[in-house]
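Reader: I would like to go through this model one question at a time. Please give the cut-offs as you go.

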Amino acid sequence: MRLALLALLAKGPAHGYELGQALERLLGAAYPQPNVGQIYVTLSRLEKSGLIEGEQVSQHNRPNKKTYRLTAAGEEAALAWFEETSHEPRVRDEFFMKLALAHSTGLADQITLINKQRRQYLNAMRELSRLAAAEDPDNRVSQLLIEGAMLHLQADLDWLERCQEELE
């Protein structure tokens, strides 16, 4: 989340609540939203590392708030993040570890595990379909996020089918 907050601060100074709202507007309900406490802890760490600077702003009849702005080092870190490619192959998959160990340990049946995981993926697919229907159709970022998640789930379902064919 730290790099996403840096990227949002590139638009201009903001306080933690505004940054949380910006993430929610941008990503919609399908993306797990960080809680405000997590945002403020991350902002504090970013400030300590010199990537952002905070400033107390007085408010009339309300407690002061702290706004943050990007430093040159923070902008450089955000730009470097955009230059990086994502490289997250799913080789370390908890379900696959269970599947691999089930037979050799005798603690679980592989086909039962596959069927249980399949039900989980199908339930997740239904939930994403509900989210897509409820989401603002003009929020293309959110719609693309949901579509990508559904495509990943479909690939996982296809892979489970392949596993079952090999193990039966």
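Author: A contact here means heavy atoms within 4.5 Å. The model is predicted, so local features need pLDDT of at least 70 and side-chain atom pairs pLDDT 80 or more, while totals for chains, interfaces and linings use all residues. Residues are numbered from 1 along each chain as its sequence is written, and side-chain values use heavy atoms, with hydrogens and water left out.

Reader: Which residues does T67 touch, not counting residues up to four places away in sequence?

Author: T67 sits in strand 2. At 15% relative accessibility T67 counts as buried, where buried means under 20% relative accessible area, exposed over 50% and partly exposed in between (1.4 Å probe, protein chains only). Leaving out residues up to four places away in sequence, T67 touches A14, H15, E53, G54, E55 and V57.

Reader: In what order do the elements of the protein chain run from the N terminus?

Author: Helices (H or I, at least four residues) and strands (E, at least two) are DSSP runs, numbered from the N terminus. The protein chain has seven helices and two strands. From the N terminus on, their order is α-α-α-β-β-α-α-α-α.

Reader: What is the radius of gyration of the protein chain, and why is the chain called more spread out than a compact globule?

Author: The radius is taken over C-alpha atoms, and the globule rule is 2.2 Å times the number of residues to the power 0.38. For 168 residues that rule gives 15 Å, and the protein chain is well over it, so the chain is more spread out than a compact globule. The C-alpha atoms fill a box of roughly 70 × 35 × 30 Å along the principal axes. The radius of gyration is 21 Å.

Reader: Is L151 buried or exposed?

Author: L151 is in helix 7 (residues 140-167). Its relative accessible area is 55%, so L151 is exposed.
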